[in-house]
Amino acid sequence: MAEVLIVGGGKMGEALLGGLLAAGRDADSMAVVEPIPERRDELAAMFGVRALDAPEESSGVILATKPDMIPAAADAVAAVGVDRVLSVAAGVTLTTLAASFGSTPTIRAMPNTPALVRRGAAAVSGNAAAGPEDLQWAEDILGSVGIVVRTSERLLDAVTGLSGSGPAYVFLVAEAMIDAGVLVGLSRQVATDLTVQTLLGASTLLEQGRPPAELRADVTSPGGTTA
């Protein structure tokens, strides 16, 4: 029986596998469920975990399939038995999950794609059966690939818009900056290098804790080029 069973071997499932192993989790204690044989083989070779074509009984399950696949995946997991559940499927409510898991401790989370490089941001919310130990279990998993905050479920849609979708807006800004650089005569490679480093440097400054408004003011000298 797996201590942690990840259902769904896509990018988020892969990110969580890698993060948990890097955090010291034993590969023998984990397994991943993936319907595509070639992908199963790839995950097994990459991480040294068991790759299955169907769920098995487990202490804890991470549901990491696409949202439209959650009902079938949840029913399959519930049929074999599980002690606690963490779902990272966008928009799938705790009420929907309860149709399969009943009063099983269930945590809903909204992570984002920077989890792939262990710089993710996630929020979690549990059902009435999820106690402090269950929430801590979910936070430990998601904390292996980034930061985690707790919130009420009604705010998870706001989290989805802010940090779940947020990387796309940053990438859109990057696209615009690169294109602007090309329009004023820079090569695309130079514009790309400068843009990526600018965003990385600015993010690092933000991470140090000063308010964004102060950092912006530092760059925007009165009468200067930025202004």
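Modeller: Happy to! Arg118 counts as partly exposed because its relative accessibility is 44%; buried means under 20% relative accessible area, exposed over 50%, and partly exposed in between, with a 1.4 Å probe and protein chains only. Arg118 sits in the loop between S6 and S7, where helices (H or I, at least four residues) and strands (E, at least two) are DSSP runs numbered from the N terminus. Its phi is near 60 degrees, a positive value in a residue other than glycine. Most residues other than glycine have a negative phi.

Before we go on, this is a predicted model, so local features need pLDDT of at least 70, side-chain atom pairs count only at pLDDT 80 or more, and totals for chains, interfaces and linings use all residues. Residues are numbered from 1 along each chain as its sequence is written, and side-chain values use heavy atoms, leaving out hydrogens and water.

Now to helix H6, residues 156-164, where Leu156, Val159 and Ser163 are buried. Seen down the axis of H6, these buried residues fall within an arc of 45 degrees, so they line one face of the helix; the arc is that of the directions from the helix axis to the C-beta atoms. They pack against strand S6 (106-110), strand S7 (120-126) and helix H7 (166-183), contact meaning heavy atoms within 4.5 Å.

Where H6 meets H7, Gly161, Leu162, Ser163 and Gly164 touch Gly166, Pro167 and Tyr169.
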